[in-house]
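Please open the model in your viewer and keep the selection tool at hand.

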Amino acid sequence: MDVDQLAQLGRTEGAPDTLAALAAGQHTRRMLLLRVLFDALPAAPAHAAALAGDHAALVEGAERAAPEAARRVLFYPLTGSWAERCAHRLATGAGGDAARDLGHLGGLAAASALRAGLDFRIRVAVDGGRLALPTLGALDTPAFGHAELTAHHERLTVRLPGEPPVVLRPDPAGHWRSTDPRWRALHTLDGGPHPVLLDDLDPGRPAPARAALPEDGPPRHALRPAERDHWSRLWHEALPLLRLGGAARAAELALLTCIVPLLRPGGHGGHTSSTSAGAFGAVLASTPPSPALLAAGLTHELQHAKLSAVGALNPLHHQDDTPRHWAPWRPDPRPFDGLLHGAYAHLALAGFWQSLALGLDDPGARDLAWAAHCRCHTQVGAVLPTLRAARRLTDDGRTFLAAMAERHRRLASPEPPRGHRARASAYLETAWAVWSRQHGRGTVG
C-alpha cells in the first residue's frame, strides 16, 4: 500500500482500488495457506491423507480449469478459518485431530469443481449429520461413513449410505437446487454491491472471538425460514442507513462476502459481533435488535477486517502484546494492537453516527445518533495520544495514525446539540475512574 492508500484507510475510507488491493493481498495469502495445507497432508493418518489427496487434486484441477469460478470457493472467508485450523494441527503433530476436519475438504473440492463446470466422481466423509458444499449449501443426513458425489453435465448426484440419492442442478441464477428436502441452499442477502451469503451451514465457521458457552457460537442447525426472512428484512433496512452513514460505509460492503449468524446475543444478553483474521470477508453476528445496530455492527467489524488486511501488507507497529492499555469501550486491559483496532472501529462509528444524526428525519433517532457519535468520538480522542506516542510504530504506522487523528479532528464539527458532548465526557471520566481502580497498577491510561 502506498502513502496515499494508507492515509485513505487511516481516515476509515478507501477508494475502490484501495479496497481491491486489500482483498488481493488476502487472496494471495489464502493461496499460500492452501499450498501449505496441501503439502502437509501426508502428516495426517494414512486413510485421511489418501482421501484428502484426491480432494486436493480436484481442487487444483478446478483452479486450473476455471480460476475465477473455483476461487469463489477457495477465497470464501470460511475456507480460510478451516484451512488455518487444519494446517496448524498438521504442523504441530496433531494429525489425528486434523483427520475429521480434513473431511470438509471433500465438500470444498466438490463445490469448487461444480463452480468450475467440471465432471467428477469422488468419495467424501459424512460425519455429524451434514455434508456441506461451501458457497452452495448443505445436505442434512443421518448417515455416517462416506458418500459418493458424481457430477456430469451440470447435474450432481449424491449417494449416501442406506439412503436414496439426492440430485442437484443449478438454476438460471447459478444456485444449486434440489426437490429433495434434505438439501438446504444457502440464503442470499441482496441489494448491496454484490450478493452476501447468510451462512448458517458451513462447518468451517470460526467461533466468535469471545464465545463463553457453546450456545454463543454459530448454529449447529440451519436457521428456520422465519429467521432467514427476519435477517433479510434487517439487511434491506440497514442498507439505506449504511448509505446515509457515508460513502465509505457503503463502499466497504464490497469486502463483505458472508454473515455468519450466531445462536444468541452473547453471554450478557446484548447484540454481539466479531471477525476472524483468517476469515477475511466474514462477519459473525447475533441477530441485531434493529437495522441501525446491524448497520453499526457491520461498520465496526469491517474496520477490523480492513485493519487486519492493512497490517498483513504494511506492518504498522512492532509493539508487544502485553495487555496494559485502557480502552474506554472495554472493561479489560488491551494490548497495543487491540487498542488500535478498537480505536479504528470506533472512529468509523463516530463518523457513521454523525452522518445519521445529520441525515435522519426522526428527532428521537437523531438524538440517539448524536449520543452515540459523541460517545465514540470522545472515546477515540482519549486513546489517540497513547497510540501516536508508541515508540515502535513503523513509518507506515505513523502515516496511518496521523490520518486517524485528522479524521478525528474533522468529526468535531459540526457541534452536536447542547449536552451531548458533556454527557460523553462525564461517561468517559466515570469509565476511567472505575477502570483505574481495578487495573491501575502496571497499566497505561
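A residue is called buried when its relative accessible area is under 20%, and exposed when that area is over 50%. The structure shown is a predicted model.

**First stop: helix α14.** Select residues 420-439, which form helix α14. This helix has 20 residues and reaches 28 Å from its first C-alpha to its last, close to the 28 Å expected at 1.5 Å a residue. Now colour H420, A424, L428, A431 and W435, the buried residues of α14. They lie on the same side of α14 because they cover an arc of only 70 degrees around the axis. An α-helix has 3.6 residues a turn, so residues three or four places apart point the same way.

**Second stop: T299.** Select residues 291-313, helix α10, and find T299 within this helix. Is T299 buried or exposed? T299 is buried, because its relative accessible area is 1%. The side chain of T299 reaches the backbone oxygen of A295 at 3.0 Å. Leaving aside residues up to four places away in sequence, T299 touches L242, R249, E252, A348, L349 and F352.

Select residues 95-102 for α6 and residues 104-116 for α7. The axes of these helices come within 5 Å and cross at roughly 35 degrees. Display R100, D101 and L102 of α6 together with H104, L105 and G106 of α7, which make the contact. The residues of this contact comprise two nonpolar, two polar and two charged.

Key
Residues numbered from 1 in each chain as written. Predicted model: local features only at pLDDT ≥ 70, side-chain atom pairs only at ≥ 80, totals over all residues. Heavy atoms only, no water. Helix = DSSP H or I, 4+ residues; strand = E, 2+ residues; numbered from the N terminus. Expected span 1.5 Å × (residues − 1). Buried < 20%, exposed > 50% of the residue type's maximum accessible area, 1.4 Å probe, protein only. Arc of directions from axis to C-beta. Polar contact = N/O pair within 3.5 Å; in protein donor to acceptor, adjacent residues only side chain to side chain. Contact = heavy atoms within 4.5 Å. Axes fitted to C-alpha atoms, helices over the stretch in contact; angles between N-to-C directions. Nonpolar A, V, L, I, M, F, W, Y, C, P; charged D, E, K, R; others polar.
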